[in-house]
Amino acid sequence: MSHKILIVDDEPNILVSLEFLMKREGYQVVTARDGQEAIEAIGTEQPDLVLLDVMMPVKTGFDVCHEVRANDAYKGLIIVMLTAKGRDTDVAKGLALGANAYMTKPFSTRELVQKIHELLGDAA
Amino acid sequence: MIPVALVVAVSFAYLLLLFAVAYWADARSRQGRSVIGNAWVYALSMGVYCTAWTYFGSVGRAAGSGVWFLPIYLGPMLAMILAWMVVRKMIRISRTYRITSIADFIASRYGKSQLLAGLVTLITVVGIIPYIALQLKGVASAFAVLTQPLGGVASPAVPWWQDTTLYVALALAGFTIVFGARHLDSTERHEGMVAAIAVESLVKLVAFLAVGVFVTWGLFQGMQDIFAQADAEPRIRRLLLFGQGQPFPYAQWLGMTLLAMFSVILLPRQFQVMVVENVQEQHLRRAVWVFPTYLLLINVFVLPIAIGGLLYFGDRPFNPETFVLSLPLAEGQTALALLAFVGGLSAATGMVIVEAIAVSTMVCNDLVMPLLLRMRRFSASRSGNLTGLLLTIRRLAILGILLLGYLYFHLAGEAYALVSIGLISFAAVAQFAPAMLGGMYWKGGTRRGAMAGLLLGFALWAYTLMLPSLAKSGWLADDFLQHGLWGLAWLKPEALLGLHGLDNLTHSLFWSLLVNLAAYVGLSLWRPPSAAEASQALLFVDVFHRQAGARPVFWRGKAQVSELRGLMTRFLGGARAEQLLRDYARQTGVADVAQIVPDARLVQFVETQLAGAIGSASARVMVASAVDEEALDLDGVMRILDEASQLRAYSHALEEKSQSLERATAELREANEKLKSLDRLKDDFMSSVTHELRTPLTSIRALSELMHDDPDMDGAQRQQFLDIIVAEAERLSRLVNQVLDMAKIEAGQADWHASNVDLKQVLEQSAGSMAETFRERGIRLVLSLPDAVPMVWADADRLTQVVLNLLSNAAKYAPRDTGIVDVHLWADARRVSFEVKDNGPGIPPDQQAMVFEKFRQVAGDQHYRPGGTGLGLPISRQIVEHFGGRLWLTSTPGQGACFGVELPLDARGRSEETH
Amino acid sequence: MFEGLVAQRLAALFVAALLLLNFPLLALWDHDLRVWGLPLFPLALFGIWAALIVAVAWVVERPGSAREPDTPD
């Protein structure tokens, strides 16, 4: 059974590219366009992995990460932060909040796919 | 005449009263409630200057030569004018360095020289003997006048063991010992003595004034009467003029005045009461005019008494010196006569007591002690308390001085008028003037100079004044007087080098002081001072300029507390030594006497304390023998001095530095805060910019990669992706341009092309270029423009940029299909304004300011990503403000937003400035 | 030694006293005259003397006169 991936970003164009990419790799895709939608989607869709942007309206990616990690029900949920905020402090903050991985935009599609495979334990 | 027994009884009673006063004052001082600690007592105690000389000699002199008794009192007037500076410096020096006599002062100044101390003491002893004799003579004459029938012949000379004067001398010695040598005080303060002297001054004054009043208004009808009667007698009348037949009278007058001026400071008893016994420097302020007042008062009646006596007794051979006694006696006023006698006795005893105490201190500390210390047997014995020995030496000295005074009186006193004898003593102590005053103000004075000056001056004094006085009394062959030494006429003691015409006093004064001063200056300049002299010179001359803490200590070496303690015990007594050590421990902040650090300061402290008891020269010797010293040469002294002044300079600079450092730290903290906030701003800006740039880049890259990895991508899909890529590339370049634009405007580097701009035209053009966008979204654009508006001075392109920005914002936020955007233009006298109003959601008040901040976009409408850069409005505002205008926002949530712009008509001046 | 207003005033007073009480200024009073029945010369001497005392008192005791800043140990 293929994994379900939740893609969260407020930029529609990025959503388009990521959606296409994930689908190409054979994953199921759900999208959300801000932090609040993301949390709701996690609850309803129970994805295995979340591609999480940081700079979003309503709730930022950091908030989402924090809330998710505070909830034991989502302990196994893998969070990959995908954001243009690339400062060391941001990376540290993301990882400290419990993200499994932190990738900066612009990203290499190849690297992103590789990382996701790794985290989900799939064969490359 | 008055019975002898009565006179003796009255005298004794008076002296006992004085003793009681002294005893009481001493007791009070031990309790800590000193009675002499006030300026009036201090000033009165200076009245000890007036001795039997004043009582008897002045009247005698006035009767003989009119106003010529006065210079002796005018001199002190001159001295007191400068005393506030000169004597105060002496007091400060003496207090600071524990100096207790003139000999100590001079010796200490010139390198703590024992030789100098001894010389000064010898000069003083020799010089003061005539003066003591004068007192004895005064008392003796007074006694004779009182107890013998009036006008009787003076009794023949008696052998000395029958001479009552001898017993008077012995009695005075006893009283002096009781007053001043009962116990040893290292400060040499004698509170009891000072109190007694002050009382004596009052008694003297009152008694003399009483006699004066009696003579003036009792025997005559007031002063005018006396002088009117004097006018009738030519021999008396001429007394009232200046000239009395002397050659060079003005020189003599000046000479005596200067002589008295020096003596009032340099006489041992004056130094004792003015400097050593001084309790508080500020008392000098009062004394400086009270003392001359005292002198004036006591002299007011001298002339009336003298002239009154001459008139009263006529040609009868009454000794004018005892007029103060004979006049009351002649009128049967025995009580008054006794009072006058008591006054005279008071004057004499006051002088003798203080002088003898002062001189005995000198003899003990500066003559005997150094000699004793030289005897190896003495210094070798390090045990034993020497205070008893010191006291004995002093008592013997007092006795000795008085006996010597008697001897002089016996040998030479009969031949001379009192005044002349006194002047001889004055001339002797005047020899100290160059060494002492020079030492206080001239750092260049050396020991050699002082020694030479003193020796030569003293020698000349002895030759020109002292020896002649003995010769004239018949105790020396007088041919050297008549024909000069060895028959050489130019060595005649009263006409040296042929200088004749001056009286012997002025002559002697001239030569002795001249040679003294010349030798002092000459030898001081011949060789530089030694290290010890230089250091002492600095300490003395600069005494007002050094604070206690910063006073350099001129000593190098090692010491042990036990050794120093032993020294103090030997000379000051065990209890006092312990007390002093405890005080020192407290001063230096040490908890216990056992923890006192034996450094240079302790050594100096001990030496200073010892100096009070045995003189600074001897103290120096004793301390040097007890510690392990390094010889200090001139370089060492200069180095120590440099250190001290450097230290002072450093601590001063340090204070200033720390103050400016505090100020700088405060400033720095402020600047740091500012920088941090600026830094944060910059950081935010940078991260915003990079974020905004990366976002379109992300899409471009991702979509490009996707297309690249999938050559078989569906055509429609590919087309969609390519569209997005193009759009994002455009977005990216728009953003880059705007960021650059913003940066240039903010840095003042933008290119402005200002000209006259017609805003109506700009609006119309912009509306036209945006028409398509509006139509696409179904938004109605309404233009309300007047026919014409005045031109404004601005950059047309930039203004277009602003208008486009506002219009595109309005287009973004106005609701689709139902949106209406109003553009309204108007003008008044000073400005042209327009508004762009939309009917979108509006902006809440708390976010209205944010709208103009970089990269901020209105939150609230979640999904509606405007697709802008967030830089449009900030740039627009910058542009508008650059031309002196304003860009503002009015909005109520739910009722749309209205952006207003106004541009002034006279913006030309302002726009010139920022290129 | 002559720093400070008090010191300067005293120095001036000293010089004045020296001049007033000696030749030639003193000679001005040397006449056989009587003022208020009193001989001129002694009267002048005492008068000058009294004036000097008053002057010194004024200079030294005025509350405004400079007090030395340093105090004895």
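**Chains A, B and C: reasoning from values to terms**

From the N terminus on, the elements of chain A follow the order β-α-β-α-β-α-β-α-β-α. This is a predicted model.

Student: How many helices and strands lie behind that order in chain A?

Tutor: Chain A has five helices and five strands. Of its 124 residues, 51% count as buried. Residues 24 or more positions apart account for 60% of the chain A contacts with a separation of 6 or more.

Student: What are the corresponding values for chain B?

Tutor: Chain B has 34 helices and nine strands, and buried residues make up 55% of its 915 residues. Among its contacts between residues at least 6 apart in sequence, 80% join residues at least 24 apart.

Student: Why is the pair Asp709(B) and Arg24(A) called a salt bridge?

Tutor: The term requires a side-chain nitrogen of Lys or Arg within 4 Å of a carboxyl oxygen of Asp or Glu. The closest N and O atoms of Asp709(B) and Arg24(A) are 3.9 Å apart, and the pair therefore meets the cut-off of 4 Å. Across the interface of chain B and chain A, the rule finds two salt bridges.

Student: Which helices of chain B each supply at least two residues of the side that touches chain A?

Tutor: They are helix H29 (634-709) and helix H30 (715-747). H29(B) gives the most to that side, with 14 residues. The contact takes 25 residues from chain B and 25 residues from chain A. About 2,300 Å² is buried between these two chains, 58% of it from carbon and sulfur atoms.

Student: What makes Arg286(B) and Glu61(C) a salt bridge?

Tutor: Their side chains meet at 2.6 Å, N to O. The cut-off is 4 Å between a nitrogen of Lys or Arg and a carboxyl oxygen of Asp or Glu, so this pair qualifies. The interface of chain B and chain C holds three salt bridges by this rule, and eight residue pairs, both at pLDDT 80 or more, are in polar contact between these chains.

Student: Which helix of chain B provides the largest share of the side that touches chain C?

Tutor: H4(B) does, with 13 residues. The contact as a whole takes 47 residues from chain B and 44 residues from chain C. Chain B and chain C bury about 4,100 Å² between them, 70% of it on carbon and sulfur atoms. In chain B, Ile81(B), Tyr250(B) and Arg285(B) lose the most area to chain C, together 17% of what that side buries.

Student: Which residues of chain B does Trp49(C) touch?

Tutor: Trp49(C) touches Leu70(B), Tyr73(B), Leu74(B), Met77(B), Pro292(B), Leu295(B), Leu296(B) and Asn299(B).

How values were computed. Residues numbered from 1 in each chain as written. Chains lettered and ligands numbered in written order. Heavy atoms only, no water. Contact = heavy atoms within 4.5 Å. Buried area = accessible area lost by both parts, 1.4 Å probe. Polar contact = N/O pair within 3.5 Å; in protein donor to acceptor, adjacent residues only side chain to side chain. Helix = DSSP H or I, 4+ residues; strand = E, 2+ residues; numbered from the N terminus. Buried < 20%, exposed > 50% of the residue type's maximum accessible area, 1.4 Å probe, protein only. Lists of a residue's contacts leave out its neighbours within four places in sequence.
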